[in-house]
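Here's a quick walk through one model. Have the sequence and coordinates open as you read.

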Amino acid sequence: MLAESGKDGLVKLNSNAQIKVVISDMKMPEMNGIEFITTAKKEFPKIAFYILTGYDITEEIAEALKNKLIYKYFKKCFTANGCS
């Protein structure tokens, strides 16, 4: 299931109780991934949340890992030869 924004993601979570894992992009319209997960985690504490980012780990992502807001972050790969 795909959501186009953090707000859309919250709507989809509210209408799909079977969701167990969410991978959120860090950059999204209306709110970033950490803002989305912080809001969603309050209502859905049992969902496993992950962040996808095109950048190196940020202080905000490191803090989310430390506080167990997210389980892991994944870095996007944009090389012609694939990720190494």
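Lys68 is exposed, with a relative accessible area of 65%; exposed means over 50% relative accessible area, buried under 20%, and partly exposed in between, using a 1.4 Å probe and protein chains only. You'll find Lys68 in the loop between α3 and β3 (72-75). Helices here are DSSP runs of H or I with at least four residues, strands are runs of E with at least two, and both are numbered from the N terminus. Lys68 isn't a glycine, yet its phi is positive, near 60°.

Before going further: this is a predicted model, where local features need pLDDT of at least 70 and side-chain atom pairs count only at pLDDT 80 or more, while totals for chains, interfaces and linings use all residues. Residues are numbered from 1 along each chain as its sequence is written, and side-chain values use heavy atoms, with hydrogens and water left out.

Glu30 also has a positive phi, about 80°, without being a glycine. It sits in the loop between β1 and α2. Glu30 is exposed at 57% relative accessible area. Setting aside neighbours within four places in sequence, Glu30 is in contact with Ser5 and Lys7, where contact means heavy atoms within 4.5 Å.

Met31 lies in that loop between β1 and α2 too, but Met31 counts as buried, with 13% relative accessibility. Its contacts, again leaving out neighbours within four places in sequence, are Gly6, Lys7, Leu10 and Phe36.

| Pair | Apart in sequence | Apart in space |
|---|---|---|
| Glu30 and Cys77 | 47 residues | 24 Å |
| Met31 and Ala64 | 33 residues | 15 Å |

On to the strands. β1 and β2 run parallel and are joined by 5 bridges; two strands pair if DSSP finds at least two bridges between them. Val22 stands opposite Phe49 in β2, and the β2 bridge partner of Ile23 is Tyr50.

How much of β2 is buried? Of its 6 residues, 5 are, so the strand is largely enclosed by the rest of the structure. Thr53 belongs to β2 and is buried, with a relative accessible area of 2%. Beyond its neighbours within four places in sequence, Thr53 is in contact with Asp25, Met26, Ile61, Tyr73, Phe74, Lys75 and Lys76.

Now for the nonpolar core, which is a set of buried Ala, Val, Leu, Ile, Met, Phe, Trp, Tyr and Cys residues joined through side-chain atoms within 4.5 Å. The largest one has 18 residues, and Leu13, Phe36 and Phe49 touch the most other members. At least two residues of this core come from each of α1, α2 (33-43), β2 (48-53) and α3 (59-66). α2 gives the largest share, 4 residues. Leu13 touches Ile19, Val22, Phe36, Ala40, Phe44, Ile47 and Phe49, not counting residues up to four places away in sequence.

Last stop, the largest pocket, with about 350 Å³ of space. A pocket is found on a 1 Å grid over the protein atoms alone, as an open set of points where a 1.4 Å probe fits, with protein on both sides within 12 Å along at least five of seven lines; lining residues have an atom within 4 Å of a point. Points are joined across faces, edges and corners, and the volume is the space filled by probe spheres set on them.

This pocket is lined by 17 residues, of which Met1, Leu2, Ala3, Val22 and Ile23 are the closest to its centre. Two or more lining residues come from each of α1 (6-14) and β1 (21-25), and β1 gives the largest share, 5 residues. By type, the lining divides into 11 nonpolar, 4 polar and 2 charged residues. In that count, Ala, Val, Leu, Ile, Met, Phe, Trp, Tyr, Cys and Pro are nonpolar, Asp, Glu, Lys and Arg are charged, and the others, Gly among them, are polar.
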